[in-house]
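Here is a short briefing to read alongside the sequence and the model. Please have both open as you go.

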Amino acid sequence: MSSPFANNSILEIIKRYRTIWSLYHLSALAQWDMNTYMPEDGINARSEALGKVAVLSQKLFLDNDFVSLIQKAEKEKLNDYEKALIRLLKRDLRHYQKLPPEFIEEFTKVTNEAHMAWKNAKEKNKFSLFEPDLEKIVELSRKKAEYLGYEKHPYDALLDEYEEGLTTEDVQKYFDSIKKPIISLLKYIKNSPKYKNRHPLENEKYETLKMEQLNKKFLELVHNNSNNLRMDVAPHPFSTSLGIGDARITTRYEGKNFKQSYSSTIHEFGHALYDLQCGKELAYTPIGTGTSLVIQESQSRLWENMIGKSREFIRMFYSDITKLNANIKKYSIDDIYEYMNSVKPSPIRTGADEITYHLHVLIRFEIEKGLIEGKISVKDLPKIWAEKYESYLGIKPKTDTEGVLQDIHWSQGNIGYFPTYSMGTSLSVIWKNEMEKDIGKISGILTSKEGIKKIEEWLRTNIHQYGSTYTFKEIVKRVTGKEFSPQPLLDYLKEKYKGIY
Ligand code: MG
């Protein structure tokens, strides 16, 4: 496609935006480094630099000439791409106009320091070491909601930061419709004679080097281009896209329970592919990457759950999996399939199965809402966490580390982020159904490189190429002709897991 931008004001905006983009690019690189290779003591200098760069971006954004250009362009006749570009710039503009620079600087500094406090607290298994930082973050988040403004609920303002237009009411309605069916499916599974408290493969050990080889083999099969994608190690895997030709994923190696490392790698690859397949003609503009977190997560979860954990995919990697450890040879493809898809309430969200995952997210949503409403205090979090886990999942975390300290998000000031995980997972099922109408059953084509290319091409033409041109609700409507609904998720889970259990 040639450049979709033709309007003169838009072209001028894009030219000026490149400097702001450059600051974002370098901040993302500094953050990637902070979470992978930076020596721990570098944190203060890095926080200082990131805080100052954030203020500089705000200043450039609020420059009078730039703002008038946006206001001028808005009134002109624009195509879909140009309209989206203005929509996103106005969204950032509102954010910057409403948040005072001192606030942005303080928020950036507090969260960067809190991140280190959280790491330390998690290592020492002591919530009290993170508590004062989290107090500050909650207080700043409530302040942020007031600055940003909202119609009905202060949490709306925070949700909107991560998913454009998402409200507390949307999320509440969503969880209200999945909560009961998921709890009852879990009950069914736990009563099945096939239910295991622990799958023996969870204890099988592996050497990091061998696992790394398996992960690399996966990347070769699905992508085969190390010139635009690299993989590193991070305790809390994430992915980041720095622009054209530079996507980065991370994974982790715990030395046992290989499905964790395998799933992380496939999950983060799903994110990276979205960014790598965005239309190149949109690069350096506000719509040049995926910004909707629900769409982002729909991509990673599609790869992780529907592709990575399928029987066909496991069959393809079977001989590599058995190389991890001589003991693993005694397990069949079916055994590994059952292990990959075994359901069991466990304290950790990131390792959770497809059923209980949504309850982990629901708990975080309820807690965040309570914190922002002031109905829950930070100091009571370990207790409230344990109560909710007991009530929804029937288990209690043994330590703070496997309880309230497990997630990185709050330490980074990301309150309002979690609901996109569950909603994105729901959306991944919608994509699977829609894709299968066009290219046939995923299970049928997964066995060859050409089949995988077909899946990637479907994702590119229907979703990726547009970058952030459409909101998640819009793109669902465009591709499926229907509104977003959690029903396909519930149908999928029921069919898959009644087959296994
Ligand atoms: Mg993700």
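How many cavities of 30 Å³ or more does a search of the whole structure find? The search finds two. This is a predicted model, in which local features need pLDDT of at least 70, side-chain atom pairs count only at pLDDT 80 or more, and totals for chains, interfaces and linings use all residues. Residues are numbered from 1 along each chain as its sequence is written, and side-chain values use heavy atoms, leaving out hydrogens and water.

**Cavities**
- A cavity here is a set of points, on a 1 Å grid over the protein atoms alone, where a 1.4 Å probe fits but cannot get out; lining residues have an atom within 4 Å of a point.
- The largest cavity holds about 120 Å³ of space, and its lining includes Lys194, Arg198, Glu202, Glu338 and Tyr501.
- The second largest cavity has a volume of about 50 Å³, with Trp118, Phe130, Trp385, Val404, Asp407, Trp410 and Phe418 around it.

**Helix α5**
- Helices are DSSP runs of H or I with at least four residues, and strands are runs of E with at least two, numbered from the N terminus.
- Helix α5 (residues 101-124) has 24 residues and spans 35 Å from first to last C-alpha, close to the 34 Å expected at 1.5 Å a residue (1.5 Å times one less than the number of residues).
- Asn125 follows α5 and has a positive phi, near 60°.

**Gly243**
- Gly243 sits in strand β2 (residues 239-243).
- Gly243 is partly exposed, with a relative accessible area of 22% (between buried, under 20%, and exposed, over 50%, with a 1.4 Å probe and protein chains only).
- The C-alpha atoms of Gly243 and His25 are 7.4 Å apart, although 218 residues separate the two along the chain.

Key
On a 1 Å grid over the protein atoms alone, a cavity is a set of points where a 1.4 Å probe fits but cannot get out, and a pocket is an open set with protein on both sides within 12 Å along at least five of seven lines; lining residues have an atom within 4 Å of a point. Grid points are joined across faces, edges and corners, and a volume is the space filled by probe spheres set on the points.
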